[in-house]
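Please open the model in your viewer and keep the selection panel at hand.

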2 protein chains.
Amino acid sequence: MKMKLELPRGMRDFCPEEKILRDEIVGRLKSVFERFGYNPIETPVIERQSVLASKFAGGAEILKEMFTLKDQGRRDLGLRYDLTVPFARFVGMNPTLKMPFKRYQIEKVYRDGPIKSGRYREFIQCDVDVVGCKGMTAEAELLQLTLMAFNELGLDVKVEVNNRKLLNEILETAGVPKAKQMDSILIVDKLKKIGSKEVRKELSGLGLQNKAVGALLGFLEIAGTNTEKTRTLKECLGEKEGLNEVEELFRLIDSRKIVFNPSLARGLSYYTGTVFEVFVRGSSITSSFAGGGRYDSMIPELLGSKQDYPAVGISFGLEPITEELKLKRSIMKTKTQVYIIPIQTQKECFAIAEQLRRKGINADMDIVSRGISKNLNFVNTMGIPYAAIIGLKELEKNKVNLRDMRSGKEELLSVEQIVKKFEH
Amino acid sequence: MKMKLELPRGMRDFCPEEKILRDEIVGRLKSVFERFGYNPIETPVIERQSVLASKFAGGAEILKEMFTLKDQGRRDLGLRYDLTVPFARFVGMNPTLKMPFKRYQIEKVYRDGPIKSGRYREFIQCDVDVVGCKGMTAEAELLQLTLMAFNELGLDVKVEVNNRKLLNEILETAGVPKAKQMDSILIVDKLKKIGSKEVRKELSGLGLQNKAVGALLGFLEIAGTNTEKTRTLKECLGEKEGLNEVEELFRLIDSRKIVFNPSLARGLSYYTGTVFEVFVRGSSITSSFAGGGRYDSMIPELLGSKQDYPAVGISFGLEPITEELKLKRSIMKTKTQVYIIPIQTQKECFAIAEQLRRKGINADMDIVSRGISKNLNFVNTMGIPYAAIIGLKELEKNKVNLRDMRSGKEELLSVEQIVKKFEH
């Protein structure tokens, strides 16, 4: 039976040139996460359906997109659709964890949903969460981490910050009736996308009075620096918990990249306090590159526990980051630094290659005895920066003929000299 | 609905202390693979069942252990049980790949099999393969890579090498009838495990004549160095293809760690030439730590292609490597190098932490305002080597009180001095 050369819908292969870039991004993220004291954990792709379908987990919509399967014991299993539910389960199963527990997790998740551009059925989530810290220090730390991560990725970002409690306080003060607050949040969340006029129309359509709509938009569209905005809101709202949290957060972390946006809600999610979303300035990708917030009630509700599990998390979008970096830099097809071309010196070249590799140099070598021009062609096509041509003449001199593929310049160097050259 | 705190059978969580070690092993393997010119690819966990069930793929036994599922379009899908079948599909779907194509892949695979000690339903395979090279140079390169990988992991190994063609040549010369060669291979493959006497008994039980059994074991149990063994075999067998390949391989790579074992077969697998298996000397884990070989017919058969796809591959066992290293070294609970303890200096400590992190230091910090003794306790329990205590006095002097947790010694240092200290 011949293999049908097809991938399942929504699944992707990554060839080296894409995988190298993705690995580099993941490596940089890991390095930043670890510098902030977050440690890695790993959980399985397959979870029990009862875990994934817990009431407070993802909601009905996400469950429709869950891949389900059974094992030989006919147990009901599913592929995880996010890393937050498994994290809650992990916390519940490890009651001796030292709090605050700070973990990151970079793994694949699965959603059997419709396939649009940029949406896949298998994708990687890069999640950083801290559980066991009530104060704004957790948010401050994660925002600092976010800024450093994007800085090291070479992406200039704007981080929009808000607070769900504050949003409720604003709705309250503006006189939006309780029954209409949920729907109003979903509408004002679109302010940036559809504009003030459209939001006004939708709020009126919801049955809000003109006065309430006016007051609400007045609060949400206040101008000024972060401090000016909180000061203005304080004058209007008075002493409020959500507003105090925002003030405290800006007291702890101060950067021109962080912008207070009172209309940000991040949808109908489980967030209970701070929310934030990261956008790349000047990018053609207008969706967010990372986002997160505080979710103090989710873990206790999932675990049915009376214990407090205050938590804050952020998820980095590997897909938009990869797409953006692909546009900004030249693609590496290989990580090979030098390609060794033996001319009747194969056995000796194995030894030379080993010396280079022992010194940490990525050295590939012709193992199919191609001619020299075919080999140089290969080196060129693969974008390998150097070729090392080694014939009997070079062997006699204990040297290697190192060719800079960009300039075409050749140098006769010893292995030690090559190692030195690559150290720079 | 409260979440039931259970993992599916055969699935595991990895807490930081285990995940850190596993990540380190994977990182070292990746580094070695890349030094040998192998580049990473990624393929999805979910494949079409028709791909996974292709005739030459894994055989009926492995298909019984395949997790199956359907997407919303009712397509038949499965979770991959190895990385070789997806690699063959990848090669088939990318006809413009430059040959030889050298790739590595470190990813999760799934088998819904019985759970014994050390066997799981989700595990990671670390595969390195080269396709498009007929000669022994491919094997020589992969054996060199194997030795360097285990050397850098700090494990002293013995690599047993044989050749399936040679094994057939030996059976032929010993007078084993064609119809009984397959079964004989399975029996002699157990030589190391069950010993010479038992193998003799099983071969006789198979109906082999005493003369054939004697000749066969005579060939398989020859003593001496690798060169002495090949020389002796040459005298008995004459000029044979498999034997020539073994000779050529030992001409290219020469190490006291590589041992020619003429009875090694690696089961009833798809191997067509060289086979090898890696064992750790002095380990209580007697199973192999890595293994592989040449499989020249598998990819063309899978693809139903007339084109040649000669291939050699090796798979590293992350599980035995992890278990062995756990016994050999102290476990790291965190990657954090220094833990900052603010005493009424939280905001300033955020800035100090940022300076350290910018310099690449893994600096964690108390964000829940614990007392100093609770903090030092935490630092101790987590095995973090340094604590940085920062009160108003230290701030005034622009210094940090750095405590070496092992010796208890404290030093008043500037941030720059700490950075210097950690560079060593």
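Domain bounds, as used at the first stop, come from an automatic or database domain assignment. The model itself is predicted.

**Stop 1: the domains of chain A**

Select residues 16-328 of chain A, which the assignment gives as domain 1, and then residues 338-423, which it gives as domain 2. Colour the two selections separately. Taken over C-alpha atoms, the centres of domain 1 and domain 2 of chain A are separated by 50 Å.

**Stop 2: the interface between the chains**

Next, display chain A and chain B together. How many residues does each chain bring to the contact? Chain A supplies 105 residues, and chain B supplies 105 residues. Between them the two chains bury about 9,200 Å², and carbon and sulfur atoms account for 58% of that area.

Turn now to the polar side of this interface. There are 54 residue pairs in polar contact between chain B and chain A, counted where both residues are at pLDDT 80 or more. Which element of chain B gives the most to the side that touches chain A? Select residues 16-35 of chain B: this is helix α1, and with eight residues it gives the most to that side. On the side of chain B that touches chain A, 46 residues are nonpolar, 39 are charged and 20 are polar.

Salt bridges also cross the interface of chain B and chain A, 20 of them by the rule applied. To view one of these contacts, select B:Glu42 and A:Lys108, whose side chains meet in a salt bridge with an N to O distance of 3.3 Å.

**Stop 3: B:Arg80**

B:Arg80 is located in the loop of chain B between β4 (76-79) and α4 (84-93). Is this arginine buried or exposed? B:Arg80 counts as buried because its relative accessible area is 0%, under the cut-off of 20%.

Two polar partners of the B:Arg80 side chain can be shown in turn. The backbone oxygen of B:Thr43 is reached at 2.8 Å, and the side chain of B:Glu107 is in polar contact at 3.3 Å.

**Stop 4: cis peptide bonds**

Select A:Met99 and A:Pro100. The peptide bond from A:Met99 to A:Pro100 is cis, and its omega is near -5°. A:Pro100 belongs to the loop of chain A between α4 (84-93) and β5 (101-110).

Then move to chain B and select B:Met99 and B:Pro100. Here too the peptide bond is cis, with omega near -5°. B:Pro100 sits in the loop between α4 and β5 (101-110) of chain B.

**Stop 5: positive phi angles**

A:Arg266 is classed as partly exposed because its relative accessible area is 22%, a value between the cut-offs of 20% and 50%.

Finally, select B:Arg74, a residue other than glycine whose phi is positive and near 60°. B:Arg74 is in the loop between β3 (68-70) and β4 of chain B. B:Arg74 counts as exposed because its relative accessibility is 59%, over the cut-off of 50%.

Notes: Residues are numbered from 1 along each chain as its sequence is written. Chains are lettered from A and ligands numbered from 1 in the order in which they are written. This is a predicted model: local features need pLDDT of at least 70, side-chain atom pairs count only at pLDDT 80 or more; totals for chains, interfaces and linings use all residues. Side-chain values use heavy atoms; hydrogens and water are left out. Contact means heavy atoms within 4.5 Å. Buried area is the accessible area (1.4 Å probe) that two parts lose on being put together, summed over both. A salt bridge is a side-chain nitrogen of Lys or Arg within 4 Å of a carboxyl oxygen of Asp or Glu. A polar contact is a pair of N or O atoms within 3.5 Å; within protein, one must be able to donate a hydrogen and the other to accept it, and residues adjacent in sequence count only if both atoms are side-chain atoms. Helices (H or I, at least four residues) and strands (E, at least two) are DSSP runs, numbered from the N terminus. Ala, Val, Leu, Ile, Met, Phe, Trp, Tyr, Cys and Pro count as nonpolar, Asp, Glu, Lys and Arg as charged, and the others, Gly among them, as polar. Buried means under 20% relative accessible area, exposed over 50%, partly exposed in between (1.4 Å probe, protein chains only).
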